[in-house]
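Student: I would like to go through the terms used for this structure and ask what each one rests on.
Tutor: Then let us take them one at a time.

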Amino acid sequence: MGRGVITLGGIVTPAEAGVQALEADWIPAFAGMTVRGQHTRSGSRARVIVALLACMLGLSPTLVAAPALADSRLPIFDAHIHYSRDAWDRFPPATVLDILAKAGVPRALVSSTPDDGTLMLQRADPERIVPVLRPYKNGIGSGNWFREANVPAYLEERLRKGDYVGIGEFHLFSDANADTPVVRRVVALAVERGIFLHVHSGAGPVRALFGIDPKLNILWAHAGMSEPPDVVGAALDRHANLWTEVSFRAGDIGRNGGISAAWRDVMLRHPDRFMIGSDTYVTPRWETYAQLIDEHHRWLAHLPRDVAEKIAWRNAVRLFGAGNVKEFGP
Ligand SMILES: [Zn+2]
C-alpha cells in the first residue's frame with residue numbers, strides 16, 4: 001500500500017464498526033481504516049470520513065475522536081539496533097546507513113555482538129550512531145554473561161575508551177540471574193558513569209536491578225517482550241528511572257490499523273518513558289528494516305501528535321542527545 005492511500009477494507013458495515021468501537025480492547029482507526037501519508041488532502045478526506053461515520057453511528061466525538069493524522073512522517077530515533085558479525089559482509093556500514101536514512105531514522109542506539117560492529121558503524125557516521133556496549137562476544141552470550149567473571153573488566157576497558165551511553169542490550173531470564181556478583185558490578189559501573197542498562201527481561205529482573213541500586217537508569221527492551229500493558233504501566237509507575245522501547249511490540253500495540261486502548265492509556269500516562277525500537281538481532285531484519293519502522297508509524301498516527309513525537313524521537317533525544325541531526329531541530 002502506497003503512502004497517502006486510504007483503505008476502508010476493515011469496515012463491513014458502520015454498525016459493525018460501532019460494535020467494535022464500543023466493545024473491543026482497541027481503538028479502531030476506523031475499524032481497520034489505515035491512514036498514512038504526507039498529503040494533507042488525504043488527511044482531510046479521512047477526517048471527513050471519520051466524522052461522517054461518527055454521525056451515522058450517533059457516537060460522541062470523544063469516543064471516535066479522529067486519530068492524530070500525521071501530515072508528515074515523524075523522524076524516528078531507533079533505540080534498539082544491533083550490528084552483529086553476521087551482518088557485516090552482506091550489509092557493510094554504508095549500506096546500513098543508507099537503510100536507516102531511507103527509513104527516516106536519523107539517529108539510533110546500537111549495540112553489537114561483538115562490540116566492534118557498533119564501533120565500525122559509529123566511525124562511519126558519528127552523528128547517526130549512538131553506541132551502547134554489549135558484553136557478548138566469543139562464547140559469552142545471553143545464557144551466561146551474568147556469571148562470566150571477566151565480563152566487568154572487559155566492559156571497564158571499553159568504557160574508558162568509548163563514548164557509550166549504556167551497557168546492553170543483555171538478557172536476564174530470571175530474578176536469580178540479576179543477582180550475581182557480575183551483574184552487581186555492571187550496575188555499579190552504570191551508576192558511576194550515569195549511563196543506562198539496556199535490559200531484555202521480564203518485570204522481575206527490572207525490579208531486582210533497581211533493588212541493587214535505585215539510582216540506576218534502565219532502558220527496558222521490548223517493554224518486557226511479553227509483559228502486558230498493565231504490568232509495564234505498573235513498572236513505570238514504580239520506577240522513575242525506567243524507560244522502555246517497544247521493538248517487537250508493534251503487533252500488540254497496533255491492531256487492525258488502530259491502537260490497543262490499554263497500551264494507549266499507559267503511553268498517555270507516561271508519554272516521556274516510551275521509545276521506538278526495531279531490534280535487528282538477525283541479519284534478515286536488515287532486509288525488512290523499513291517495514292519494521294512502518295509498523296510503528298501506523299500506531300503512532302493514532303496518538304496525539306505531541307505524544308507521538310515524544311515516543312518517535314523527543315524522549316530519546318532528551319536522554320541520548322540529538323547529534324547534529326537536522327530532523328531533530330527545534
Ligand atoms: Zn532483546
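Predicted model: local features only at pLDDT ≥ 70, side-chain atom pairs only at ≥ 80, totals over all residues.

Student: What makes both faces of S5 count as covered?
Tutor: Side chains in a regular strand alternate between the two faces of the sheet. On one side of S5 are Arg-107, Leu-109 and Ser-111, on the other Ala-108 and Val-110, and all of them are buried. Buried requires 20 or more other C-beta atoms within 10 Å of the residue's own.

Student: How do you know that S5 is paired with S4 and with S6?
Tutor: Pairing requires at least two bridges between the strands. Strand S4 (residues 77-82) is joined to S5 by four bridges, and S5 is joined to strand S6 (residues 129-133) by three. Both counts meet the requirement, so S5 pairs with S4 and with S6. The strands run parallel in the case of S4 and S5, and also in the case of S5 and S6.

Student: How many bridges link S6 to S7?
Tutor: Two bridges link S6 and strand S7 (residues 166-172), in the parallel sense. The cut-off is at least two, so the pair counts. Leu-133 has Ile-167 in S7 as its bridge partner.

Student: Why are S4 and S12 called edge strands?
Tutor: The open sheet has eight strands in the order S4-S5-S6-S7-S8-S9-S10-S12, with parallel pairing. S4 and strand S12 (274-275) each pair on one side only, and they are the edge strands.

Student: What joins S8 to S9?
Tutor: Four bridges in the parallel sense join strand S8 (residues 196-201) and strand S9 (residues 217-220). The chain passes from S8 to S9 through helix H8 (residues 203-212), in a right-handed β-α-β crossover. Phe-196 stands opposite Asn-217 in S9.

Student: And where does S9 lead?
Tutor: S9, helix H9 (residues 229-238) and strand S10 make a right-handed β-α-β unit. S10 (residues 242-245) is parallel to S9 and joined to it by three bridges, with Leu-219 opposite Trp-243.

Student: Why is H4 called roughly perpendicular to H5?
Tutor: Helix H4 (residues 93-102) packs on H5 at an angle of about 70°, with the axes 9 Å apart. Angles from 65 to 115 degrees count as roughly perpendicular, so H4 has that label relative to H5. Pro-93, Ala-94, Val-96 and Leu-97 of H4 meet Met-120, Leu-121 and Ala-124 of H5. By class, the residues of this contact are seven nonpolar, no polar and no charged.

Student: What makes H9 and H11 roughly parallel?
Tutor: The axes of H9 and helix H11 (residues 261-269) cross at roughly 10° and come within 9 Å. The limit for roughly parallel is under 35 degrees, so H9 is roughly parallel to H11. In this contact, Pro-229, Asp-230, Val-232 and Gly-233 of H9 meet Ala-262, Trp-263, Val-266 and Arg-269 of H11. The classes here are five nonpolar, one polar and two charged.

Student: Is Asp-213 buried, exposed or partly exposed, and why?
Tutor: Asp-213, in the loop between H8 and S9, has 13 C-beta neighbours inside 10 Å. Exposed needs 12 or fewer and buried 20 or more, so Asp-213 counts as partly exposed.

Student: Which residues does Asp-213 contact, leaving aside neighbours within four places in sequence?
Tutor: Asp-213 is in contact with Val-187 and Val-191. Val-187 is 26 residues away along the chain, and its C-alpha atom is separated from that of Asp-213 by 7.3 Å.

Student: How much of the whole chain counts as buried?
Tutor: Of its 330 residues, 47% do. The secondary structure comes to 14 helices and twelve strands. Among contacts with a separation of 6 or more, 72% are between residues 24 or more positions apart.

How values were computed
Residues numbered from 1 in each chain as written. Right-handed = clockwise from strand over helix to strand, strands pointing away. Axes fitted to C-alpha atoms, helices over the stretch in contact; angles between N-to-C directions. Parallel < 35°, antiparallel > 145°, perpendicular 65-115°, else oblique. Contact = placed C-beta atoms within 7 Å. Nonpolar A, V, L, I, M, F, W, Y, C, P; charged D, E, K, R; others polar.
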